[in-house]
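Welcome! Take a moment to turn the model around on your screen before reading on, and then let us walk through it together.

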Amino acid sequence: MKSPAHRDHPDHKVVESHAKGRVTAAVDGEIVADSSDVVRVDEDGSPPRYYFPRADVKMDRLARTDTTSVCPFKGKASYYSVQAGGRTIRDAVWSYEEPFEEHAGLANRIAFWSEKDPGIAIRTE
């Protein structure tokens with residue numbers, strides 16, 4: 001399905017690109033994602049987001065919650081808590097399992113909400 005928001009707001013930019021090099025996500029210094037196959041999303045009004053393939057995320061550190069949200073440009077997001085660094089941060093991770101057509105490249109990738117907690121760090125090399 002196509003995003004109605006892209007049609008209704010053609011000036012709003014949501015740009016996907018492959019991140020150069022290696023990207024890691026850590027919680028309190030513990031690496032929970034490490035990949036050279038990361039999609040970077042630059043969206044108007046938001047900081048850059050990095051979407052990791054599930055194969056490069058320690059999925060055993062994530063627990064799905066009942067939280068969802070809808071981005072009118074990307075689709076419905078499902079949320080996860082992350083358990084690392086000796087603690088749990090609820091709803092700090094999300095995934096678009098069935099994004100709108102314009103963002104099919106985000107399907108089943110994992111993004112970390114670095115502003116959610118100061119212990120979450122995304123690093124690019």
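This is a predicted model: local features need pLDDT of at least 70, side-chain atom pairs count only at pLDDT 80 or more; totals for chains, interfaces and linings use all residues.

Strand 8 covers residues 87-95 and is joined to strand 7, residues 75-84, by six bridges, with the two running antiparallel.

Seven strands make up an open sheet with antiparallel pairing, and their order is 1-4-5-9-8-7-6. Strand 1 (14-18) and strand 6 (62-71) are at the edges with a single partner strand each, so one side of each has no neighbour in the sheet. On average, neighbouring strands of this sheet are turned by 35 degrees against each other, direction ignored.

Another pairing involves strand 2 and strand 3, which are also antiparallel. Ala 26 has Ile 31 in strand 3 as its bridge partner. Two residues lie between the strands of this hairpin, where Asp 28 takes a positive phi near 50 degrees.

Here are the two pairings side by side:

| Strands | Residues | Bridges |
|---|---|---|
| strand 7 and strand 8 | 75-84 and 87-95 | six |
| strand 2 and strand 3 | 23-27 and 30-35 | five |

Finally, look for the largest pocket, which has a volume of about 220 Å³. Which residues lie nearest its centre? They are Glu 43, Arg 49, Lys 74, Trp 94 and Tyr 96, out of 14 lining residues. By class, the lining has nine nonpolar, two polar and three charged residues. Strand 4 (39-43), strand 5 (49-53), strand 6 and strand 7 each give at least two residues to this lining.

Notes: Residues are numbered from 1 along each chain as its sequence is written. Side-chain values use heavy atoms; hydrogens and water are left out. Two strands pair if DSSP finds at least two bridges between them. Helices (H or I, at least four residues) and strands (E, at least two) are DSSP runs, numbered from the N terminus. Axes are lines fitted to C-alpha atoms, for helices over the stretch in contact, and angles run from 0 to 180 degrees between N-to-C directions. On a 1 Å grid over the protein atoms alone, a cavity is a set of points where a 1.4 Å probe fits but cannot get out, and a pocket is an open set with protein on both sides within 12 Å along at least five of seven lines; lining residues have an atom within 4 Å of a point. Grid points are joined across faces, edges and corners, and a volume is the space filled by probe spheres set on the points. Ala, Val, Leu, Ile, Met, Phe, Trp, Tyr, Cys and Pro count as nonpolar, Asp, Glu, Lys and Arg as charged, and the others, Gly among them, as polar.
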